[in-house]
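Morning, everyone. I'll take a few minutes on one model, chain by chain. Here it is on the screen.

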Amino acid sequence: MIQILLMVSFGILGAIWTAIWVWVLVSARHPAPQVQVEAEVPILRRRLLYISMALVVAIFLVSIYWLPYAFIRRGVDGQPVIKIQVLGQQWVWTFSQTEVPVNVPVEFDVTSGDVNHGFGIYDPEGHLIAQTQAMPGYTNRLIFTFEQPGDYIVRCLELCGTPHFLMASHITVVKQ
Amino acid sequence: MDHNIEVTRIALLNMITGFVMFLGMGLLGYAMRLEQAGFWNFDPSTFYEIMTLHGAGMVTAALIVAAGGLIEVLNGSTPLNTRLLWTAYVVGSLAFAIVLLAVLVGGVGAGWTMLYPLPYHSLGEWTITAAVAVYVGYFLTAIAFLLNCIAFLRGTVSAAGTLRKALAFEYLFSFGRSGTDRLPSPAQLVATVVSFDGVATVVVGCVWLIPRFLQAGGLIGSTDPLFVKNILVLYGHMITNLAMYTALGVLLAMLPIITGRELKTSLPLVVALNLVLFVLFLPFGHHLYQDFVEPKVLLFLGEFASFASTVPVLLVAILGGLSTIYRSGMKWSVPSILISLGLWGWAFGGIAGFMDAAIPINQVTHNTMWVPGHFHTYYVLGVLAFAFAYMYYLINERSGQHETIFSRIAAWLYGIGGAGFVIMFLLSGALSVPRRYAEHDPTWRLPDQISVAFVGVLALALLWLGGEIFLRFRRAWSGPSAMPQASQGR
């Protein structure tokens with residue numbers, strides 16, 4: 001899942017960067033005239049510019065498919081079958097229903113009655129799988145399809161007062 | 001232009017004050033990690049007070065210590081108004097004292113971001129008066145920052161002749177073919193860009209803070225929380241990034257010193273910094289990806305600008321730093337070790353930030369420990385590494401003292417301790433551990449416990465290096481009135 005992809009790709013990129021850094025530091029033991037080094041830098045810079053700009057555009061375009069916003073999710077996952085109203089208040093979550101079927105798009109309409117809260121859904125293995133903010137005066141619509149049945153924890157992810165870390169609830173995902 | 005001893009003393013005072021604040025706030029951070037690791041148990045309201053002070057204090061410490069470094073780097077080449085600098089120091093110190101009181105006495109535990117409406121909606125945890133006191137402290141911090149920016153801007157414009165020349169516009173728009181007379185030095189160019197953006201940032205800060213005062217005074221009703229959130233994250237994003245760019249000025253001054261190579265104002269540097277002038281304002285939307293009601297254009301702009309803004313940093317600061325060190329014959333010293341660590345940390349933290357800036361990834365990293373992992377890397381092994389390198393170098397030069405092999409070991413331990421500490425944050429984030437939780441579930445604690453060990457290593461390093469700095473400070477204060485030309489990084 002996405003966290004594994006994150007750790008692996010970050011690990012690889014971090015290791016590559018660290019290797020480059022070490023190589024540069026070790027090279028300092030073998031001095032060369034500055035003029036010689038300076039001649040190579042513009043060429044490297046130009047190549048990195050083209051590569052990085054291409055990557056920036058590519059990653060930006062690819063990310064669109066996985067955007068969490070309703071206008072994308074409705075197109076990708078389909079129209080929500082169930083709508084659940086969620087209210088965050090210091091320091092409890094209130095749901096219009098807490099049982100949802102598996103493998104159907106569910107829309108959470110999330111708002112707050114007081115301060116900013118963070119509506120974070122954790123799967124039974126403890127991985128964060130979706131979130132949105134709960135803000136007073138606004139409703140954030142989160143569309144999500146649960147792929148496995150089980151007990152999911154909802155945690156508050158935006159500091160909302162001292163009991164912030166205790167503000168949690170449950171959603172049960174059942175087979176249809 | 002002569003080197004001004006009074007400017008040096010203001011710089012030293014800023015640096016040592018920032019360093020002391022860093023140590024104090026670091027102890028608070030250590031307490032938080034001990035609590036989350038399960039090694040120490042204290043009241044959650046105390047945790048959030050500590051967390052609020054730690055965040056506010058660390059951002060301020062980084063700004064002060066980096067600004068102190070830049071002040072001395074510019075000394076001798078740029079006329080700096082000492083009255084403005086002294087006033088900034090006094091106002092900034094007062095600001096910090098007010099925030100300290102508001103948190104320790106008033107019990108404010110809303111986090112350093114003080115996200116509206118929480119500060120005024122604590123349900124009895126703290127009073128509105130205490131919350132307003134924090135805002136007053138923040139307002140005065142902004143004023144202090146503004147005074148420094150005005151001092152820098154007046155100085156660099158005076159040195160160059162005009163603002164256009166201070167930004168090397170003629171050189172920029174002629175692609176380096178003209179405008180080479182009175183070209184600003186790299187540090188002067190950084191100071192101009194930081195100050196110009198800094199003035200605009202303070203205006204944003206006023207838009208955030210003044211309605212808070214009016215609301216507390218009953219002169220206006222509640223304000224739109226989405227608008228306030230936008231203004232707050234824009235201000236916070238700018239101020240934290242401007243600390244980084246201030247430290248960039250110090251880095252560009254240190255690179256010639258540690259490598260013995262010349263670092264001239266080049267076209268890529270001028271292009272990159274002039275881009276930063278405007279681009280720095282655009283990525284703030286990456287703090288708001290989970291506010292689905294936010295206008296989508298701002299979110300997409302935030303994502304694209306977050307990615308794009310890494311390009312000038314990568315191609316100029318990181319590549320420039322590495323190419324200056326490459327085959328330079330650089331010898332290991334405390335400053336060269338810390339500068340090298342800072343370059344590593346800036347890029348490493350940047351990778352974490354780049355990934356977090358992708359909206360689909362942000363869905364599962366926002367408000368997890370990944371986020372503090374990213375910015376702690378930028379600060380501990382970026383801003384502060386660069387600033388401490390310069391401070392250590394300056395104090396040794398002025399006091400006539402020398403480092404030992406133990407000093408160099410301590411500098412490497414700073415890197416090892418810092419790296420381990422931040423990697424554990426990132427690992428926790430990847431494991432979905434939420435940020436800003438006073439207590440951690442026992443299944444989350446292993447990275448916390450490992451990070452405590454690394455903080456111990458960091459503390460040992462700071463004990464040694466800090467001890468040397470404090471013992472030599474007095475001699476540095478009364479040291480020579482003029483520094484050797486080379487040591488000014490010009």
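Start with chain B, which has 16 helices and zero strands. One caution before going on: this is a predicted model.

How does the radius of gyration of chain B agree with that of a compact globule? For 490 residues, such a globule would have a radius of gyration near 23 Å. Chain B comes out at 22 Å, so the two agree. The C-alpha trace of chain B spans about 60 × 50 × 40 Å along its principal axes. Burial next. In chain B, 62% of the 490 residues are buried. Then contacts. Take those in chain B between residues at least 6 apart in sequence: 84% of them join residues at least 24 apart.

One residue in chain B, as an example. B:I128 sits in helix α4 of chain B, residues 128–160.

On to chain A. Here we count three helices and nine strands. The order along the sequence is α-α-α-β-β-β-β-β-β-β-β-β. Is chain A a compact globule, or more spread out? The globule rule gives 16 Å for 176 residues. The radius of gyration of chain A is 23 Å, well over that value, so chain A is more spread out than a compact globule. Its C-alpha trace spans about 70 × 40 × 30 Å along the principal axes.

The domains of chain A come next. Domain 1 covers 2–66, and domain 2 covers 80–174. How many Å separate their centres? Taken over C-alpha atoms, the centres of domain 1 and domain 2 of chain A are 38 Å apart.

Burial and contacts for chain A. Of its 176 residues, 31% count as buried. Among contacts in chain A between residues at least 6 apart in sequence, 64% join residues at least 24 apart.

Now the strands. Please look at β4 of chain A, residues 105–112. Strand β1 of chain A, residues 82–89, runs parallel to β4, and seven bridges join the two. For a reference point in this pair, A:G88 stands opposite A:S112 in β4(A). β4(A) also pairs with β7(A). Are those two parallel or antiparallel? They run antiparallel, joined by six bridges. Here A:D109 stands opposite A:R141 in β7(A).

Last, the two chains together. How many residues of each chain are in contact? There are 65 from chain A and 63 from chain B. Which elements of chain A supply at least two residues each to the side that touches chain B? Two helices do, α1 (2–27) and α2 (34–63). So do three strands: β5 (117–122), β6 (128–134) and β7 (140–145). By class, that side of chain A has 38 nonpolar, 22 polar and five charged residues.

Key
Residues numbered from 1 in each chain as written. Chains lettered and ligands numbered in written order. Predicted model: local features only at pLDDT ≥ 70, side-chain atom pairs only at ≥ 80, totals over all residues. Contact = placed C-beta atoms within 7 Å. Helix = DSSP H or I, 4+ residues; strand = E, 2+ residues; numbered from the N terminus. Nonpolar A, V, L, I, M, F, W, Y, C, P; charged D, E, K, R; others polar. Domains from an automatic or database assignment. Rg over C-alpha atoms; globule rule 2.2 N^0.38 Å. Buried ≥ 20, exposed ≤ 12 C-beta atoms within 10 Å, placed from the backbone. Pairing = 2+ DSSP bridges.
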